[in-house]
Amino acid sequence: MITVRGLRVRLGGVDVVDGVDLDVADGAWVTIIGPNGAGKSTVLRAVGGLVPYAGTIALGGVPLEALSRRDRARTVATVPQHPVVPPAMLVYDYVLLGRTPYIRALGRESASDLAVVGEVLAALDLEAFAERRLDTLSGGERQRAFLARALAQGARTLLLDEPTSALDIGHQQEVLELVDRLRGERGLTVLATMHDLSTAGEYADRLVLLAGGRVVAHGTAREVLTEDLLAEHYRVRVKVIDGEQGPLVVPVRR
Amino acid sequence: MTTRPAREAPPPAGGQAGEAGGGGQAGQEADGRRQAGDKSAAGNKHRPAGLRAAWLAGGFVAVAVALVAGIAFGPVTLPPGGVAAELLNLIPGVRLHSGLTEREVAIVTALRLPRVVLGLLVGAMLALAGAAYQGVFRNPLADPHLLGVAAGAGLGVTAVIAARSGTGDVTADLPFGVPVAAFVGAVGAVVLTWLLGAAGGRARTPATLILSGVAVSAFLAAAQTFVMQRHTESLREVYAWLLGRLATAGWHDVLIVLPYAAVTGIIVLAHRRELDVLTVGDEEAQALGLHPQRSRYLLVIAASLGTAAAVSVSGLIGFVGIIVPHTLRLLAGPSYRSILPLSVLFGGAFLALTDLVARTVASPAEIPIGVVTAFFGAPFFAVVLRRIKG
């Protein structure tokens, strides 16, 4: 469960996030949408404990700042929009990095750390890639490896920043289905940001529309993905069509 | 508690989506194990990256070879077997018959051993500091002199040598000698770089540190050149120092370097796993529960101190700090858990052996050791680069 109240983040002298309230129930998937520069990624970074903020953020009722760095890393795992791909590192070792919060300063990985990595690789169908170099994988395979590292953290809360922006539509769907499956199997709470509005609405339980660092609309896809709201905040002409899994947003030339 | 470590949690009966609050992690793991755990545990053939026993053994062999060869060869050649026996005799409780005369034993323990040990220490420090810098700055071109150590030490030494020659007496007693001047110059330059790196209230990032290192190095090098031009009579001595040498007076220099080497070695090696995590960058390392800035500072300070100590007794020996870690990275894998300890062993052995070449090929003259490290190291590195693809 994620509870955010009055979140403010100031970066480079600008209030990038300016008073955001947000709730994600246990096991729910909430996606933040909004135009470029709305503050979507910054909200995610704040919840992940990666930028200084004002206001309150609580994970499962525990205030974020009450957690030590290691405890925080066991509670919330982040997949950034463009994760750094370390040169020559094998997928196995990359996923093992996710166990960092469980390994003592001078210690080494335990048998249970290795068991978790083996299990995560199996769950994400990455076993055949374990001995491959991460920098030789394709975009879709890489995204699975990024997810695997986050899952290896054993955290209940998963933050995904534009998880599909580098993928073709086939792999987009594959990754999002995978996240949805893992959410169900592992009881994960997911907070994501996405640009593709139709897809965002299809996978998330609730959408939050962010503009200028504030929440301007939130609710189900049907409540948020309306022609009026999108026209106002994205400055775009769109047609919203009723699809099987929710509204489909189609941009229309002015 | 949502913060309970997953590995300590027992598998609950139904770790499912509905489970509220705590124990969620345990639930996920138990689920995963039920699905695929047995299969992957049984066929778990993967080993995490790290130090392989064969490489570690190879490192110790290299050090042993460097020790014996470095002591056996010189103006008087000693039998390597006898030298090895005499070295083992240094271990308390061991008494082997080496067949060496008393005079030869004195050559081993009083003359050559200190020099070889100094070579091992300096090489180990430079290679370890280079590897640490490359990890901290995530820059393959980082070398131990990056933050101004070389320029600072150069200026310190040039100033002292010039001051001495200015008195007209090369053996004039100054309050401190060349090693102290080099050490003070090196540490002073790094401190200057460090302060400049956060000037104007900016955040001290790897990029600002590297740039301020460039500025400090350029400034100090200009000052050094100015001093040299004003005291041309000292040029030869300054150049001899700049190019590096391990000429030593017994155990004195070894004892100067040893404490710094020990502290630097412990701090850097203790961070070997963290340096692996830092390869994904600060923000992700922070998300994984580390304190990257703090580790970075500690590592930079430790590596700079070790380099300054090495430079103070050996002069500016280039190349070791870049080529040794890179060769090990290419041959033994990219993990700092293997690069750092192997850099200590192979860096030391490499420098001790190049010193052997430096003092024997043109005997009785000595070639500057920095010339030898590059002359043999560069072609070797070219071969390694060619053989390793991708």
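I take helices (H or I, at least four residues) and strands (E, at least two) as DSSP runs, numbered from the N terminus.

**Entry 1: ground rules**

I am reading a predicted model, in which local features need pLDDT of at least 70, side-chain atom pairs count only at pLDDT 80 or more, and totals for chains, interfaces and linings use all residues. Residues are numbered from 1 along each chain as its sequence is written, chains are lettered from A and ligands numbered from 1 in the order in which they are written, and side-chain values use heavy atoms, with hydrogens and water left out.

**Entry 2: confidence**

I looked up pLDDT, the predictor's confidence in each residue, from 0 to 100. Chain B has a mean of 82, with 84% of its residues at 70 or more. Which element of chain B has the lowest mean pLDDT? I found helix H1 (residues 24-42) of chain B, at 41. The highest mean, 96, belongs to helix H2 (residues 53-72) of chain B. Over residues 1-43 of chain B, pLDDT stays under 50. The model still has 84 contacts (heavy atoms within 4.5 Å) beyond four places in sequence for that stretch. For the complex, the predictor gives an ipTM of 0.92 and a pTM of 0.85.

**Entry 3: chain A overall**

I counted 9 helices and 12 strands in chain A. Its radius of gyration (over C-alpha atoms) is 18 Å, close to the 18 Å from the globule rule for 254 residues, so chain A is as compact as a globular protein of that length. That rule is 2.2 Å times the number of residues to the power 0.38. The C-alpha trace of chain A spans about 55 × 40 × 35 Å along its principal axes.

I then checked burial: buried means under 20% relative accessible area, exposed over 50%, partly exposed in between (1.4 Å probe, protein chains only). In chain A, 57% of the 254 residues count as buried. Of the contacts in chain A between residues at least 6 apart in sequence, 65% join residues at least 24 apart.

**Entry 4: helix H1 of chain A**

Is helix H1 (residues 40-47) of chain A mostly covered or mostly uncovered? I find it mostly covered, with 6 of its 8 residues buried. Among them are A:Lys40, A:Val43 and A:Val47. A:Gly49 follows the helix, with a positive phi near 75 degrees.

**Entry 5: the loop between E6 and H3 of chain A**

I went to A:Pro86, in the loop between strand E6 (76-79) and helix H3 (91-96) of chain A. A:Pro86 is buried, at a relative accessible area of 1%. What does A:Pro86 contact, leaving aside neighbours within four places in sequence? I list A:Tyr94, A:Leu134 and A:Asp135, plus B:Thr279 and B:Val280 from chain B. A:Asp135 is 49 residues away along the chain, yet the two C-alpha atoms are separated by 7.4 Å.

A:Ala88 is in this loop as well. Its phi is near 70 degrees, a positive value in a residue other than glycine. A:Ala88 is partly exposed, at 22%.

**Entry 6: two further loops**

I noted A:Thr164 in the loop between strand E7 (157-161) and helix H6 (169-186) of chain A. A:Thr164 is buried at 7%. Beyond four places in sequence, A:Thr164 touches A:Gln172, A:Leu176 and A:Met194.

B:Phe319 has a positive phi near 80 degrees. B:Phe319 is partly exposed, with a relative accessible area of 24%.
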